Amino acid sequence: MTLSDFFIIPANAAHISYAEKICEEMFESAKARGTGIARRKPEYVARKMEEGKAVIALHKDGRWAGFCYIETWGHGDYVANSGLIVNPEFRKVGLAKAIKKRVFELSREQFPHSKIFGLTTGLAVMKINSDLGYEPVTYSELTQDEEFWKGCQSCVNFDILVSKERKNCMCTAMLWDPVEKERELKEKIQRKAEAKERLDRIVKKQSLLKRIEAKLFRSSKKFVATILPIGTGLVKGI
């Protein structure tokens, strides 16, 4: 089984029938990991599908294979890709990474100016986020929207979060900042332009030196030919 056996697409109203199964698997997966997430009801997931704020993976035979949805916080200043889940039947084929990439792209399409963030204890998710350009940050750089932090109340580590005054916890915070990425891109373009200019100068300098050497060589031939004409037999091969 490979990724080519799946369709990874933005979810819509036609996929609502999968909502209950998806919610059940989210809950069971969280229990198996020993962590807690804000338990979502099928109606909530169905609404995300209707709004076009979710990505679903389907096997070519029609079975649901994975899911992730978009949430906005702080009046749209922050976006989180939440509820990433893969059907246990279809794990180990790279679906999590593919779904995360597609929902990230969908987030950028719908909220191009928003910061995209996540909180996770999973190394696999951290690796996926890192590959997408997320960077580890302190909790202070995340949304301060109280509704978001209420979602942590069902986590077994919530007491730690509270004791740390929401400055840190067991989860690693990661952020993709469009402003920062634009600055990095401009710097990269500038560095490339400067490197090209240096290379052009070196090439021009080398070309100039070659022309000077060729001119000096021609001048020396003329000089020698004038002083010692070839017919005298004193100069050979010039």
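The legends below describe several close-up views of one predicted model.

Residues are numbered from 1 along each chain as its sequence is written. Because the model is predicted, local features need pLDDT of at least 70 and side-chain atom pairs count only at pLDDT 80 or more, while totals for chains, interfaces and linings use all residues, and side-chain values use heavy atoms, with hydrogens and water left out.

View 1. A nonpolar core is a set of buried Ala, Val, Leu, Ile, Met, Phe, Trp, Tyr and Cys residues joined through side-chain atoms within 4.5 Å, where buried means under 20% relative accessible area with a 1.4 Å probe and protein chains only, exposed means over 50%, and partly exposed lies in between. Of the 22 residues in the largest core, those that touch the most other members are Ala65, Ile70, Leu95, Ile99, Phe104, Ile116 and Tyr134. A second, separate core has 17 residues, including Ala11, Tyr44, Met49 and Ile85.

**View 2. Phe67 in strand S3 (residues 64-73).** Phe67 counts as buried because its relative accessibility is 0%. Leaving aside neighbours within four places in sequence, Phe67 is in contact (heavy atoms within 4.5 Å) with residues including Ile22, Met26, Val45, Met49, Leu84 and Ile99. Leu84 is 17 residues from Phe67 in sequence, yet their C-alpha atoms are 5.7 Å apart in space.

**View 3. Helix H2 (residues 42-51) and the residue that follows.** Tyr44, Val45, Ala46, Lys48 and Met49 are the buried residues listed for this helix. An α-helix has 3.6 residues a turn, so residues three or four places apart point the same way. After H2 comes Gly52, whose phi is positive, near 75°. The charged end of Arg40 sits over the ring of Tyr44, 4.3 Å from its centre; the cut-offs for such a placement are NZ of Lys or CZ of Arg within 6 Å of the ring centre and within 35 degrees of the ring normal.

**View 4. Phe6 and Phe90, an aromatic pair.** Rings of Phe, Tyr and Trp (its six-membered ring) pair if their centres lie within 6.5 Å, and planes under 30 degrees apart count as stacked, over 60 as edge-to-face and the rest as tilted. The structure holds 10 aromatic pairs, and the one between Phe6 and Phe90 is edge-to-face, with 5.3 Å centre to centre and 80° between the planes. Phe6 belongs to strand S1 (residues 6-10), whereas Phe90 lies in the loop between S4 and H3, 84 residues apart, and the pair thus links distant parts of the chain. Both Phe6 and Phe90 are buried.

**View 5. Tyr139 and a cluster of rings.** Tyr139 lies in the loop between strand S6 (135-137) and helix H5 (146-150), and counts as buried because its relative accessibility is 5%. Ring pairs link Tyr139 with Trp73, Tyr78, Phe117, Phe148 and Trp149 into a cluster. Not counting residues up to four places away in sequence, Tyr139 touches Leu119, Trp149 and Ala173, among others. Ala173 is 34 residues away in sequence and 6.3 Å away in space, C-alpha to C-alpha.

How values were computed
Helix = DSSP H or I, 4+ residues; strand = E, 2+ residues; numbered from the N terminus.
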